[in-house]
Number of protein chains: 2
Amino acid sequence: VVNDPFKALSHPIRRGIVERLAAGPATVGDATRGFGVSKPAISKHLKVLERAGLVSRAKEAQSRPAALTAGPLKEVDEWVGRYRVVWEQRLDRLDKYLSELHEKEKRHGRKG
Amino acid sequence: VVNDPFKALSHPIRRGIVERLAAGPATVGDATRGFGVSKPAISKHLKVLERAGLVSRAKEAQSRPAALTAGPLKEVDEWVGRYRVVWEQRLDRLDKYLSELHEKEKRHGRKG
């Protein structure tokens, strides 16, 4: 799934670019500063983000500033958010469940 | 970055497993039902989720029920959430910015 936003965001530099673009549109040169990687590498990462629809680039010659697009980030937010209540409510219960299992294992004296 | 939660969540079946586990702990057999893939495939996906810390598995023999762990999902939620306000506020502004650029291009008569 090439244009999966989760996949596009699975590289720390690409998340860094998103963080950078959250401050406003930037050219490749702008986006490159501070990452310690080459412009072509940043260009490649921008292409991945663009393919996933996270970034939109102006078609102007040369500079082609990149800007964040909200759609897929919203999708990711909504997907994760759907489970927010669930995991917050269940965390205590799961902890209990797992520690009960671990207790059981200990009592049965099983070892790896 | 093997244990990147974004990477772990970049496969639709793994997101499906997370959705399934949000309803409660499940064995591989439970988790397999409804996906139309084999148990070994589900096991592999569970391992990826486990490595990313999204899933915790009991060490009991055979069934080893898997349960959702909140940590990395919370991280993803927090990361995306950090930009929620930004992207919601900027969406209009970016739209304007991009349409202005497109207008400029049209006026300049540039073509791919």
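Which residue of chain A forms a salt bridge with D77(B)? Select D77(B) and look across to chain A. The partner is R84(A), and the closest N and O atoms lie 2.6 Å apart. Keep in mind that this is a predicted model.

**The whole interface**

Now show both chains. The D77(B)–R84(A) pair is a salt bridge, and the rule finds four salt bridges across the interface of chain B and chain A. Colour the contact residues next. Chain B gives 45 residues to the contact, and chain A gives 45 residues. Between them the two chains bury about 4200 Å². Carbon and sulfur atoms account for 68% of that area.

**The α5 pair**

Select residues 70-82 in chain A and residues 70-82 in chain B. These are helix α5(A) and helix α5(B). Two packed helices are described by the angle between their axes and the distance between the axes. Here the axes come within 9 Å and cross at roughly 145°. The crossing is left-handed.

Show side chains on both helices. From α5(A), pick L73(A), V76(A), D77(A), W79(A), V80(A) and G81(A). They meet L73(B), V76(B), D77(B), W79(B), V80(B) and G81(B) in α5(B). By class, this contact has eight nonpolar, two polar and two charged residues. D77(B), where the tour began, is in this contact.

**Helix α2 of chain B**

Move to residues 12-22 of chain B, helix α2(B). Is this helix mostly covered or mostly uncovered? It is mostly covered, with eight of its eleven residues buried. Select them: I13(B), R14(B), R15(B), G16(B), I17(B), V18(B), L21(B) and A22(B).

How values were computed: Residues numbered from 1 in each chain as written. Chains lettered and ligands numbered in written order. Predicted model: local features only at pLDDT ≥ 70, side-chain atom pairs only at ≥ 80, totals over all residues. Heavy atoms only, no water. Axes fitted to C-alpha atoms, helices over the stretch in contact; angles between N-to-C directions. Helix = DSSP H or I, 4+ residues; strand = E, 2+ residues; numbered from the N terminus. Left-handed = near helix turned anticlockwise from the far one by under 90°. Contact = heavy atoms within 4.5 Å. Nonpolar A, V, L, I, M, F, W, Y, C, P; charged D, E, K, R; others polar. Buried < 20%, exposed > 50% of the residue type's maximum accessible area, 1.4 Å probe, protein only. Buried area = accessible area lost by both parts, 1.4 Å probe. Salt bridge = Lys/Arg side-chain N within 4 Å of Asp/Glu carboxyl O.
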